[in-house]
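Here's a quick briefing for anyone opening this structure for the first time. Have a look at the sequence and the 3D view, then read on.

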Amino acid sequence: MIFDLDVIRKAYKLLPERVDHAKKTLNRPLTLTEKILYSHLEADQEFRDFKRGEDYVYFNPDRVAMQDATAQMALLQFMQAGRDRVAVPSTVHCDHLILAEKGAEQDLARSKDMNREVFDFLASVSNKYGIGFWKPGAGIIHQVVLENYAFPGGMMIGTDSHTVNAGGLGMVAIGVGGADAVDVMAGMPWELKFPKLIGVKLTGRLSGWTSAKDVILKVAGILTVKGGTGCIVEYFGDGANSISCTGKGTICNMGAEIGATTSLFGYDQKMNEYLSGTGRKEIAVLAGEIAAYLDGDPEVYKDPESYFDQVIEIDLSTLEPHINGPFTPDKAWPLSAFAKAVKDNGYPAKLDVGLIGSCTNSSYEDITRAASVARQALDKGLKAKSEFTVTPGSEMVRYTMERDGLQQVFEDIGGVVLANACGPCIGQWMRHNAANLEENSIITSFNRNFAKRNDGNPKTHAFVASPEIVTALAIAGDLTFHPGKDSLTNEQGEEVSLDEPVGLEMPPAGFGVEDNGYQAPAEDGSGIEINVKPDSERLQLLTPFNPTGGEDLRDMKLLIKVRGKCTTDHISMAGPWLRYRGHLDNISNNLMIGAVNAFNQQTNAVKNQLSGNTAPVPDTARSYKKEGLKSVIIGDENYGEGSSREHAAMEPRHLGVGVVLVKSFARIHETNLKKQGVLALTFANRDDYDLIREDDTFEIKGLDRFSPGNPLRLLLHHADGSKDEFTVNHSYNDKQIEWFKAGSALNLIKEDNK
């Protein structure tokens with residue numbers, strides 16, 4: 001079954017004309033990124049050479065994708081938008097709420113029962129509003145999108161930061177908050193600051209133990225977790241064309257870890273083969289007819305420095321396997337230097353668990369490369385010394401790997417195959433005795449490794465590598481093992497070595513599946529009722545936020561001054577809190593509980609200025625809100641990096657936070673705050689962060705003249721009667737200022753649809 005074929009035909013019919021118009025207007029060759037962006041401009045958008053990193057531009061994406069954790073809040077908002085049906089093709093994928101503990105069959109059955117109320121809600125809303133629904137067990141959203149919906153030259157948004165995975169099939173695919181998704185589903189244009197462009201030229205070919213994962217692990221080490229902020233990364237060169245389509249997806253997927261808006265590759269033979277192999281030959285034919293429009297112009301790639309804001313070159317022939325971590329995905333170690341790094345830094349060398357899969361590395365090729373390592377281990381008398389888990393990316397991948405005997409290989413070395421879901425990657429993992437573990441190490445083929453993310457234990461050192469490296473280290477049970485150089489002792493006492501992994505990009509017998517888990521929506525959903533129990537602890541209908549108006553904000557209390565890294569996991573944790581993603585008041589009880597208080601270096605312990613006592617962050621926020629007082633959050637660098645988690649913006653708004661003031665923002669989170677009516681500000685002088693005291697009261701001056709490009713002033717009232725005043729910056733445009741005054745972007749959408 002080919003989804004949205006008419007949409008793709010229409011897009012391909014219009015794309016050449018629009019690209020030619022852009023080239024003529026700009027009078028220069030175009031990158032692939034520019035071709036896609038300019039061909040998706042909203043009809044009323046002024047057409048000109050936009051300033052990268054400055055101009056806000058309106059686009060019309062081709063589709064929207066939502067995962068079950070974020071879809072709840074997105075659809076609760078959409079229900080207020082006044083529409084009978086979504087304006088663009090949209091899907092919901094049930095992949096985040098499935099707990100990994102014992103194995104696929106038991107875990108899936110238990111999770112369906114535990115989350116029945118939420119799954120039924122999502123299914124019924126999807127049915128009513130014309131949204132495709134992928135049932136629990138169907139697979140991880142990004143792998144399912146790559147297999148069924150992504151198409152070269154398209155543009156999509158998704159309520160998950162790893163929506164960027166679809167760049168592996170040549171899409172501009174961008175992670176957003178639920179309010180952005182509501183805009184597009186409601187037929188409104190979608191706004192984005194026109195991105196800067198980073199070009200990554202790949203030469204040579206991958207070989208041996210090196211895989212596509214190592215490309216992005218290397219890039220993350222170069223650019224760091226914020227080096228791609230506000231940028232789209234475009235990969236090109238002969239090396240890029242040699243990487244499989246799913247390998248390209250892996251590279252684009254982890255682009256979220258460098259803060260990139262998205263990443264993508266140009267259309268090539270590998271994409272053609274993947275489209276054909278996943279039952280979309282007709283799309284491959286259509287793409288082939290306009291192939292020149294689905295790649296950057298040759299002049300661009302001959303002289304990339306003239307067209308990109310930054311250029312990186314990587315020779316795949318000399319690229320080493322990498323292991324990144326712990327605690328951050330940009331701490332990159334070449335495999336040859338990793339054993340020394342483990343010893344020098346005192347990382348626990350004993351490997352407790354190896355985990356492969358997740359949306360980043362769960363393709364058939366990933367599975368076969370890891371399975372080739374596992375199979376030779378069996379042949380050489382070895383079994384996994386570490387606990388070992390495997391997560392297939394979709395039911396199609398799982399069915400095919402079982403049919404081809406790969407699942408049995410993993411089980412024979414001691415592995416456990418988990419459900420087709422996110423599972424351990426997002427903390428949905430019942431790791432045995434995790435809370436009581438002392439310093440320990442795990443290694444995964446996932447994308448993120450922030451402290452506590454996988455198992456809730458801050459003492460767990462999580463490292464990231466390719467599936468084949470993870471498999472080899474799990475067999476050794478030792479982080480210092482180098483599979484290309486070191487030997488292991490087998491069960492017979494013999495010294496044996498592992499050979500280089502071998503993988504298959506596509507299954508020789510083709511993909512197979514009995515039930516892919518898709519449920520089509522009703523043709524007419526007008527008679528479908530959406531019921532939410534008033535006493536439900538999982539779901540809560542939304543009440544619109546009150547308009548903010550244009551008056552200065554006064555008498556605001558400090559809620560927390562955050563020191564150091566503060567991701568959306570710190571602001572609104574996942575794991576067990578996922579169960580409350582559809583209930584704003586209940587999930588707000590996790591607000592900022594993982595953030596470190598700069599005044600006492602503790603988490604979830606702040607001064608309540610009304611009582612004088614130290615109390616949890618959510619309790620303190622509720623205390624201020626009860627008294628009619630707004631509060632302020634102060635943050636450090638790259639505040640809000642990581643997941644596109646909209647709850648990290650809705651929770652502060654719900655509990656009365658008026659301002660979030662930081663040294664710098666991660667892109668998605670800053671937009672999410674703006675959408676929800678929270679004033680998102682940055683220090684004009686970063687040293688002014690040090691002026692904030694624990695018992696301060698805040699006043700924002702200049703909101704009566706709030707306008708693009710004009711800074712505001714912050715007045716600090718200290719408890720001793722002294723004051724400090726300084727400038728704070730913002731990046732609001734005229735439309736975003738209207739969101740702020742209206743109380744939220746959704747409030748404006750409702751008015752427009754009236």
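What follows covers sheets, helix packing and cavities, in that order.

This is a predicted model, where local features need pLDDT of at least 70, side-chain atom pairs count only at pLDDT 80 or more, and totals for chains, interfaces and linings use all residues. Residues are numbered from 1 along each chain as its sequence is written, and side-chain values use heavy atoms, with hydrogens and water left out. Helices (H or I, at least four residues) and strands (E, at least two) are DSSP runs numbered from the N terminus.

**The four-stranded sheet**

- This open sheet has its four strands in the order E10-E9-E8-E11, with parallel pairing (two strands pair if DSSP finds at least two bridges between them).
- Its edge strands, each pairing on one side only, are E10 (262-265) and E11 (310-315).
- From one strand to the next, the twist averages 20°.
- E8 (residues 196-203) runs parallel to E11, and six bridges join the two; Gly199 sits opposite Val311 in E11.
- Helix H10 (residues 245-253) packs on this sheet and touches E9 (231-236) and E10, with its direction at about 160° to that of E10. Contact here means heavy atoms within 4.5 Å, while angles run from 0 to 180 degrees between N-to-C directions, and axes are lines fitted to C-alpha atoms, for helices over the stretch in contact.

**The six-stranded sheet**

- Here the open sheet has six strands in the order E6-E5-E2-E3-E4-E21, and the pairing is mixed.
- E6 (172-175) and E21 (518-519) are the edge strands, each pairing on one side only.
- E2 (residues 63-67) and E3 (residues 90-93) run parallel and are joined by four bridges; Val64 has Ser90 in E3 as its bridge partner.
- Helix H5 (residues 116-129) packs on the sheet, touching E3, E4 (132-134) and E21, and its direction makes about 155° with that of E4.
- Helix H7 (residues 178-185) lies across E2, E3 and E5 (155-158), running at about 145° to E2.

- Five bridges link E28 (residues 697-701) with E29 (residues 712-717), and the two run antiparallel.
- E29 is also joined to E30 (residues 723-729), again antiparallel, by six bridges.
- Leu714 in E29 stands opposite Ile700, and Leu714 also has Phe726 in E30 as a bridge partner.
- E29 and E30 make a hairpin with five residues between them, and Gly721 in the turn has a positive phi of about 95°.

- H10 and H11 meet at an angle of about 105°, with their axes 8 Å apart. That makes H10 roughly perpendicular to H11. Angles of 65 to 115 degrees count as roughly perpendicular, under 35 as roughly parallel, over 145 as roughly antiparallel and the rest as oblique.
- On the H10 side, Cys245, Thr246 and Lys248 meet Lys270, Met271 and Tyr274 in H11.
- The residues of that contact of H10 with H11 divide into three nonpolar, one polar and two charged. For these classes, Ala, Val, Leu, Ile, Met, Phe, Trp, Tyr, Cys and Pro count as nonpolar, Asp, Glu, Lys and Arg as charged, and the others, Gly among them, as polar.
- H11 (residues 269-277) and H12 (residues 281-289) pack at about 150°, with their axes 7 Å apart. That makes H11 roughly antiparallel to H12.
- Asn272, Leu275 and Ser276 in H11 meet Lys281, Ile283 and Ala284 in H12; by class, this contact has three nonpolar, two polar and one charged residues.

**Cavities**

- Searching the whole structure turns up 10 cavities of 30 Å³ or more. On a 1 Å grid over the protein atoms alone, a cavity is a set of points where a 1.4 Å probe fits but cannot get out, and lining residues have an atom within 4 Å of a point. Grid points are joined across faces, edges and corners, and a volume is the space filled by probe spheres set on the points.
- The largest cavity holds about 200 Å³ of space. It is lined by 21 residues, with Ala256, Gly259, Gly642, Ala666 and Ile668 nearest its centre.
- Helix H23 (residues 667-675) gives the largest share of that lining, three residues.
- By class, the lining of the largest cavity has seven nonpolar, 10 polar and four charged residues.
- The second largest cavity has about 170 Å³ of space. Of the 20 residues lining the second largest cavity, His96, Asp160, His162, Ile426 and Arg453 are closest to its centre.

Note on methods:
1 Å grid on protein atoms, 1.4 Å probe; cavity = no way out; pocket = protein on both sides within 12 Å on 5 of 7 lines; lining within 4 Å.
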